[in-house]
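Thanks for coming. I have one model to go through this morning, so please have a look at the sequence and the structure first.

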Amino acid sequence: DEGFKRARRIDVVLEEGETLFVPGGAAHLVVNLTDSVAVAGNFIDDSNLDAALADLRRMAGSEADGTGPITDVVAALDEIEFDPDLAMHEDLLPPKHLVVKYRDLIGGAAARWPALPPDDDDF
């Protein structure tokens, strides 16, 4: 591939509180220099929905016997009618609702929360 011939290595050391955005499809390697907690996410919206679904279908095609977790995800997504006018929320959650305490996650309490987690003053 011609692109890999031009590829160059870039080393980045992130300090506490810093974030690095890696574009979708960009090859990358992460090495943690200390004990770390990493949060990664793939974001899908109108701009990349078709490409993301195509990638999932391609990955599902490589699963043995046409069965597996990615095949199941693709089948579930195919059943959804996506209406951006109904799916997008104008209101943002307050920061305290974007955090899950480790004890709630590991203890299973977070799995039983309603749509909004209970108020907790010590977030």
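I will take confidence and overall layout, then surface, then one backbone angle, then the salt bridges.

First, the ground rules. This is a predicted model, so local features need pLDDT of at least 70 and side-chain atom pairs count only at pLDDT 80 or more, while totals for chains, interfaces and linings use all residues. Residues are numbered from 1 along each chain as its sequence is written, and side-chain values use heavy atoms, with hydrogens and water left out.

On confidence, pLDDT is the predictor's own figure for each residue, from 0 to 100. The protein chain has a mean of 75, with 72% of its residues at 70 or more. Which elements mark the lowest and highest mean pLDDT? Helix H4, residues 84-87, is the lowest at 64, and helix H2, residues 49-61, is the highest at 87.

Now the layout. The protein chain has 5 helices and 0 strands, so its order from the N terminus is α-α-α-α-α. With contact meaning heavy atoms within 4.5 Å, take the contacts between residues at least 6 apart in sequence: 18% of them join residues at least 24 apart.

Next, burial. I call a residue buried under 20% relative accessible area, exposed over 50%, and partly exposed in between, using a 1.4 Å probe and protein chains only. Of the 123 residues in the protein chain, 8% are buried. Areas come from the Shrake-Rupley method with a 1.4 Å probe, and for residues only the protein chains shown count as cover. The accessible surface of the protein chain is about 11,500 Å², and carbon and sulfur atoms hold 56% of that.

There is a nonpolar patch on that surface. Patches take residues with over 30% relative accessible area and no salt bridge, joining like charges within 9 Å and nonpolar side chains (Val, Leu, Ile, Met, Phe, Trp, Tyr) within 5 Å. Ile10, Val12, Leu14, Leu20 and Val22 make one of about 450 Å². Leu14 sits in the loop between helix H1 (2-6) and H2, and is partly exposed because its relative accessibility is 42%.

One backbone angle to flag. Most residues other than glycine have a negative phi. Asp65 is not a glycine, yet has a positive phi of about 60°. Asp65 lies in the loop between H2 and helix H3 (69-78) and is exposed, at 77% relative accessible area.

Last, salt bridges, meaning a side-chain nitrogen of Lys or Arg within 4 Å of a carboxyl oxygen of Asp or Glu. How many are there in the whole structure? The search finds 3.

- Arg9 and Asp11 pair at 2.9 Å, N to O, and both residues are exposed.
- Asp55 and Arg58 have their closest N and O atoms 2.3 Å apart. These two are separated by about one helical turn because they are 3 residues apart in helix H2. Asp55 is partly exposed at 38%, whereas Arg58 is exposed at 58%.
- Asp78 and Arg57 have their closest N and O atoms 2.4 Å apart. This pair links distant parts of the chain, Asp78 in helix H3 and Arg57 in helix H2, 21 residues apart. Asp78 is partly exposed at 48%, and Arg57 is partly exposed at 41%.

That is the end of my list.

Definitions and conventions:
Helices (H or I, at least four residues) and strands (E, at least two) are DSSP runs, numbered from the N terminus.
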